[in-house]
Amino acid sequence: MSSSRQARLGRLLAAVAELLAGQANPDERLLRQIAALLKAAAPELQIGPAQFPIAQPGQELLYELALDPTGGPSLYLVSDGAGTHSPPHTHQTWAVVLGLRGVELNQLYRLAGDSGGRLQAAATEQAVGPGECLVMQAEDIHATRVQGESCYHLHLYGRALSHLPPFAARCFDWPSSLPNVAQMHR
Ligand SMILES: [Fe+2]
């Protein structure tokens, strides 16, 4: 990775740490400030297919851009290929997602009050295209699907993925009473 990109990434993570001031669970207002930092830094990172190949249809790629050595806030580039989707899941840490290329549709869920682990759709689907941000708190649940061409999205998580439970352990079953958004639009 180029030294100028690494330097920019280092400054970004330092600025995020300064804003957080040790908070593990920032509120939405603070997450929006972090999103603004990420958006301001993104053009200088010069993310392009020469260094980071774009996913082919059906392929999902994850590039580690900046990892906190102690497992704190870390930045990844995700390239999801056309036709890919993820089941409802939590991150168990805060997350800020910034679109760079392509559009990813996010369905947000909440657990039903009487629980039993059932999910209810929490809002209309939110599209995250170039320059658009999605912020999520640790307990938020979402499912994603790529709309159209393969995507690039920056994912900034409150903790490094290596310090979180495996993805499969953070997933929920598709709620049978709700449309499976990934299949519905294929
Ligand atoms: Fe996610």
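Two strands pair if DSSP finds at least two bridges between them.

A word on what we are looking at. This is a predicted model, where local features need pLDDT of at least 70, side-chain atom pairs count only at pLDDT 80 or more, and totals for chains, interfaces and linings use all residues. Residues are numbered from 1 along each chain as its sequence is written.

Let's start with the whole chain. The protein chain has 3 helices and 8 strands, and from the N terminus on the order is α-α-β-β-β-β-β-β-β-β-α. Its C-alpha atoms fill a box of roughly 50 × 35 × 25 Å along the principal axes. Of the 186 residues, 29% count as buried; buried means that 20 or more other C-beta atoms, placed from the backbone, lie within 10 Å of the residue's own, while exposed means 12 or fewer, and partly exposed is in between.

Now, which strands pair with strand 8 in the antiparallel sense? Strand 4, residues 95-111, pairs with strand 8 over 13 bridges, and Ala-95 stands opposite Tyr-157. Is strand 8 mostly covered or mostly open? Strand 8, residues 141-157, is mostly covered, with 13 of its 17 residues buried.

On to helix 1, residues 3-20. Its 18 residues reach 26 Å from first C-alpha to last, close to the 26 Å expected at 1.5 Å a residue; that expected span is 1.5 Å times one less than the number of residues. Which residues of helix 1 are buried? They are Leu-12, Leu-13 and Val-16. These three cover an arc of only 95° around the axis, so they sit on the same side of helix 1; the arc is that of the directions from the helix axis to the C-beta atoms. On the other side, the exposed residues include Ser-3, Gly-10 and Glu-18. Helix 2 (28-45) and strand 1 (60-66) are among what covers the buried residues.

Terms used: Helices (H or I, at least four residues) and strands (E, at least two) are DSSP runs, numbered from the N terminus. Two residues are in contact if their C-beta atoms, placed from the backbone, lie within 7 Å.
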